[in-house]
Amino acid sequence: MTVEQRQTDLDALVAEARDALTAGSEVRLTGWMLEHLALRVWTPPSPETVLADVERRVIAALNPPLNMTQAGPRPRLREARAAMAKAAVSQGEQ
């Protein structure tokens, strides 16, 4: 599965979850996360290791798409978040 296909699948799940997760969408989202996400554990080589420095180097190397703090500009993600926030406000006004 390509990155674009994964993003399309995730976009569909997020669109479905705009109002709130239903039991069915929760199951599908959990399935997507189990298929596409991974957790890794790393032990620092010494107690003097500064984790913030390691984090910056990892983010620079991997360029994760959802990290907006250290990874630089993410205009598409910012636009999507703004649209979601606007939709949430308009839903609250109804």
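How many helices and how many strands are there in the protein chain? There are four helices and zero strands, and if you follow the chain along its sequence, the pattern you read is α-α-α-α.

Before we go further, please keep in mind that this is a predicted model. The mean pLDDT of the protein chain is 78, and 74% of the residues reach 70 or more. Among the elements, helix 1, which covers residues 3-16, has the lowest mean pLDDT, at 69, whereas helix 3, covering residues 51-62, has the highest, at 86.

Let me turn to the chain as a whole. It has 94 residues, of which 11% count as buried, and the chain exposes about 7,800 Å², with carbon and sulfur atoms supplying 60% of that area. If we take the contacts with a separation of 6 or more, residues 24 or more positions apart account for 18% of them.

Now I would like to look at helix 3 with some care. What span should its twelve residues have, and how far apart are its end C-alpha atoms? At 1.5 Å a residue, the helix should span 16 Å, and because its end C-alpha atoms are 16 Å apart, the expectation and the model agree. Just after helix 3 comes N63, which takes a positive phi of about 50°.

A search of the whole structure finds one salt bridge, and D53 forms a salt bridge with R56, their closest N and O atoms being 2.6 Å apart. Because these two residues are three residues apart in helix 3, D53 and R56 are separated by about one helical turn.

Are these two residues buried, exposed or partly exposed? D53 has 34% relative accessibility, so it counts as partly exposed, and R56, at 40% relative accessibility, counts as partly exposed too.

Methods
Residues numbered from 1 in each chain as written. Predicted model: local features only at pLDDT ≥ 70, side-chain atom pairs only at ≥ 80, totals over all residues. Heavy atoms only, no water. pLDDT = per-residue confidence, 0-100. Buried < 20%, exposed > 50% of the residue type's maximum accessible area, 1.4 Å probe, protein only. Contact = heavy atoms within 4.5 Å. Areas by Shrake-Rupley, 256 points an atom, 1.4 Å probe, with all protein chains shown as cover. Expected span 1.5 Å × (residues − 1). Salt bridge = Lys/Arg side-chain N within 4 Å of Asp/Glu carboxyl O.
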